[in-house]
Amino acid sequence: MRFLGAGYDDDCVTEPFVPSWVKRVRFGVLAGVPLPAGLEPVSPSVLGQLHPREAVFASEERGRRQIEVAGGRLAFRAAASAFGADVSAWPLLADSARVPLGPPGLSVSLTHKEDLAIAFVGTSDAGLVGIDLEGGPRDRSAIMSRVCRPEELSAVQALPEAGRWPNVMIRFAVKEAIYKAIAPQLGRFFGFQAARVDVESKERVSITMFLEATDPTYELDNELVWLDDGRLIALVRARVSASAKP
Ligand SMILES: CC(C)(COP(=O)(O)OP(=O)(O)OC[C@H]1O[C@@H](n2cnc3c(N)ncnc32)[C@H](O)[C@@H]1OP(=O)(O)O)[C@@H](O)C(=O)NCCC(=O)NCCS
């Protein structure tokens, strides 16, 4: 396993289910685990690297879901180890809303695409972190009007055509990360119209929330991490504002 962005050669061989990189970020540690193509069941030797309860959890899934669940847990173990947390006795299970249930004191978030599972581990002292991986060759401009608020759509449409999807992709990744950071605290679903993401640069966004008036307000922070292959990992950290607490 290599530390991404620490001057390692890029010619390392990637093997399915073998953690291939870890990256220290401002909020904690990210780890990546390559996933195999296809629908083959996860082998007993890979399941054997999980906590026994995680292995049961993964075995109850089929096809790609089983591969994602196993890969996400392997990434969690790699990230926790690089973060310096002993999670050998902690199975990373999930609640009925799929929220990953990390050990006390830690914030854990997962994201995956066809070829890669990524986990984040950090302390929960400053809030819960959500992560999302987006990008790749496919232009998914068709989702633009679903992901953007009207004022975001106007800003996107004012861009040259080639810049529109990359801009929406950043908003999309940040909004999914917002959801993973806030929904476990808020305890309900909220859609893409609940946040405005202003893209200041490839490294910097600002977020304005539009939750219900009765909802808590959240202090938000974010980090954008670009992988060597051009894909983006958005990280959002959220905690209830001290001023909003009763
Ligand atoms: C839940 C959601 C964000 C997951 O994103 P996705 O692209 O389907 O999947 P990803 O691969 O990025 O992430 C999957 C992981 O997200 C995590 N996750 C799922 N639901 C979650 C929730 N409610 N809270 C926190 N984490 C959650 C799980 O750990 C899951 O991993 P798993 O495979 O082990 O179950 C997405 O399906 C969704 O419902 N989006 C609409 C809500 C939204 O984004 N609103 C915008 C608010 S501004």
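**Entry 1: the model**

I'm working from a predicted model, so I keep in mind that every value here is computed from it.

**Entry 2: how the chain is divided**

I started with the domains. The chain splits into domain 1 (2-125) and domain 2 (132-244). I looked up the spacing, and the C-alpha centres of domain 1 and domain 2 are 23 Å apart. For the contact between them, domain 1 puts in 13 residues and domain 2 puts in 10 residues.

Which strands does domain 1 use on that side? I found strand S2 (21-25), S6 and strand S7 (116-123), each giving at least two residues to the side of domain 1 that touches domain 2. I also sorted that side by class: 7 nonpolar, 2 polar and 4 charged residues.

**Entry 3: around the ligand**

Next I went to the ligand. Where does its shell sit relative to the domains? Domain 1 and domain 2 both contribute residues to the shell, so the ligand lies between them.

I counted 24 residues around the ligand, and the ones that come nearest are Arg98, Leu110, Thr111, Tyr179 and Ala195. By class I get 14 nonpolar, 4 polar and 6 charged residues in the shell.

Then I asked which elements supply the shell. Helix H3 (63-83), strand S6 (106-113) and helix H6 (161-186) each give at least two residues. H6 has the largest share, with 7 residues.

**Entry 4: H2 against H3**

The angle between H2 and H3 is about 160 degrees, and their axes are 8 Å apart. Angles over 145 degrees count as roughly antiparallel, and H2 and H3 are therefore roughly antiparallel to each other. The crossing of H2 past H3 is right-handed.

Which residues make the contact? From H2 I have Glu54, Phe57 and Ala58, and from H3 I have Gln66, Val69, Ala70 and Arg73. Sorted by class, the contact of H2 with H3 holds 4 nonpolar, 1 polar and 2 charged residues.

Key: Residues are numbered from 1 along each chain as its sequence is written. This is a predicted model: local features need pLDDT of at least 70, side-chain atom pairs count only at pLDDT 80 or more; totals for chains, interfaces and linings use all residues. A residue is near a molecule or strand if its C-beta atom, placed from the backbone, lies within 6 Å of it. Helices (H or I, at least four residues) and strands (E, at least two) are DSSP runs, numbered from the N terminus. Ala, Val, Leu, Ile, Met, Phe, Trp, Tyr, Cys and Pro count as nonpolar, Asp, Glu, Lys and Arg as charged, and the others, Gly among them, as polar. Domain bounds come from an automatic or database domain assignment. Axes are lines fitted to C-alpha atoms, for helices over the stretch in contact, and angles run from 0 to 180 degrees between N-to-C directions. Angles under 35 degrees count as roughly parallel, over 145 as roughly antiparallel, 65 to 115 as roughly perpendicular and the rest as oblique. A crossing is left-handed if the near helix is turned anticlockwise from the far one by less than a right angle, and right-handed if clockwise. Two residues are in contact if their C-beta atoms, placed from the backbone, lie within 7 Å.
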